[in-house]
Amino acid sequence: MTIQRGLRRTALITGATSGIGESFSRLLADQGFNLILVARDITRLDERRRELNQKHPELLIETMRADLTVEPDIRTVESRVAQGIDVLINNAGFGINKSFTKSSIESERELMAVLVESPMRLIHHAIPTMLQNSFGIIINVSSVASFIAGGSYSAAKSYLTVLSESLHSELQGTGVKVLALCPGFTRTEFHQRGRMRMNGLPKFLWLSADFVSEAAWRDVQRGKAISVPGWQYKILMLILRLLPRPLVRRYGMNAKSKQRKD
Ligand code: NAP
C-alpha cells in the first residue's frame, strides 16, 4: 500500500531505536507514512529520524522519549495516540533471562508493563479514531514463544497474541486490521540486552528483522490474524499443534533454561 502525497497517514512505532521496530520504521517510511518513533534513547531515535528524513525529506517524523514502564511517559504516548494515528506498531520489548522463581518482582512488573499493559493501553486509545476513519492497522509484535510455556515472557506474549486474535474477529468489516506478529529467533539487540546465551542456536533458525517486518506487513494487508514468518517456524507451529501439551510444556522450559547466562 503506497500513500500518495497530500493523503499522508501516520504510523506510531514503539521500540523504534533498534531491531524489528527500526526495520518497521524504514518499511513504513518507504510506504509513505509520517512517523512517530517512540523509545527511551532519544539520541538514537533522533539519529534514526535524521537517516529516514535524508531518504524521505517529504515525511513528517516525530520522536518521543518514553519509558513504557513509567506512568507519566505511557500517558504521554496514549495522548498522542488518542489524537489519531492510522498505524500502530506495538513492538517495544525485552526478555528476562531468569526463571520466574529467580527473577525480581521489579523485573517481572517491568515485563508486564512493556509487553502487556502498554500495548493494551495504546490499542485501546487507537481504536476509536481508527473506527471513525474506517481505517487502521495494528501490528502487535508478539512471539512464537506465545504458543509454548516458556516462563513469564511466553505468558505475556500469549496475552498479546490472544488479544490480537480477539480484536481481529471483533473488528472484521470495520476497516481496522489487527495482526499478531509471532517471530522466532531474530537477529536484533534483544538477546544481548537480555544477557541470553545464544551461541548453540543453529544458523538456519535466525531470521532478519527486515524479513520479519516485511512478512507482517504483507500478512496484515491479506487480512491475516497471525503472522509467523519463515518456513522453519511455520513447521514448528505445525509440530506444536500436533504435540501433546505436556511435551510442549517440557520443551518450553528446556528452551528457557538453555538461554540462561547466569
Ligand atoms: P531490540 O533490538 O532489543 O529492540 C527493542 C526495542 O524496545 C528497542 O527499540 C528499545 O529501545 C525498546 N524498549 C525496550 N524497553 C523499553 C521501555 N521500557 N520503554 C520503551 N521502549 C523500550 O529487540 P527486538 O528483537 O527488535 O524486539 C522487538 C520486539 O520483538 C519485542 O517485543 C520482542 O519481544 C519481540 N521478539 C523478538 C524476537 C527476537 O528473537 N529478537 C523474537 C520474537 C519476538 P530503547 O532501549 O531505546 O528504549
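## Shell around the ligand

Helix α6 gives the most to the shell around the ligand, with three residues. The model described here is predicted. At least two residues of the shell come from each of α1 (19-30), α5 (151-170) and α6 (190-193).

The ligand has 31 residues around it, and those that come nearest are Thr17, Arg40, Tyr153, Thr188 and Arg193. By type, the shell consists of twelve nonpolar, 13 polar and six charged residues.

## Polar atoms at the ligand

Tyr153, one of the residues that come nearest, has a polar side-chain atom 2.6 Å from an oxygen atom of the ligand. Two further residues place backbone atoms by ligand oxygen: a polar backbone atom of Ile20 is 2.8 Å from an oxygen atom of the ligand, and a backbone N or O atom of Phe190 lies 3.3 Å from an oxygen atom of the ligand. On its own the ligand has 880 Å² of accessible area, of which the protein covers 97%.

## Nonpolar patch on the surface

A nonpolar patch on the surface is formed by Phe204, Trp231, Ile235, Ile239, Leu243 and Leu247. Together these residues have about 560 Å² of accessible area. Helix α8 (residues 231-242) gives the most to this patch, with three residues.

Phe204, also in the patch, lies in the loop between α6 and β8 (207-208). Phe204 counts as partly exposed because its relative accessibility is 45%, and partly exposed covers values between under 20% for buried and over 50% for exposed.

How values were computed. Residues are numbered from 1 along each chain as its sequence is written. This is a predicted model: local features need pLDDT of at least 70, side-chain atom pairs count only at pLDDT 80 or more; totals for chains, interfaces and linings use all residues. Side-chain values use heavy atoms; hydrogens and water are left out. A residue is near a molecule or strand if one of its heavy atoms lies within 4 Å of it. A polar contact is a pair of N or O atoms within 3.5 Å; within protein, one must be able to donate a hydrogen and the other to accept it, and residues adjacent in sequence count only if both atoms are side-chain atoms. Accessible areas come from the Shrake-Rupley method with a 1.4 Å probe; for residues, only the protein chains shown count as cover. Helices (H or I, at least four residues) and strands (E, at least two) are DSSP runs, numbered from the N terminus. Ala, Val, Leu, Ile, Met, Phe, Trp, Tyr, Cys and Pro count as nonpolar, Asp, Glu, Lys and Arg as charged, and the others, Gly among them, as polar. Patches are made of residues with over 30% relative accessible area and no salt bridge: like charges are joined within 9 Å, nonpolar side chains (Val, Leu, Ile, Met, Phe, Trp, Tyr) within 5 Å. A salt bridge is a side-chain nitrogen of Lys or Arg within 4 Å of a carboxyl oxygen of Asp or Glu. Buried means under 20% relative accessible area, exposed over 50%, partly exposed in between (1.4 Å probe, protein chains only).
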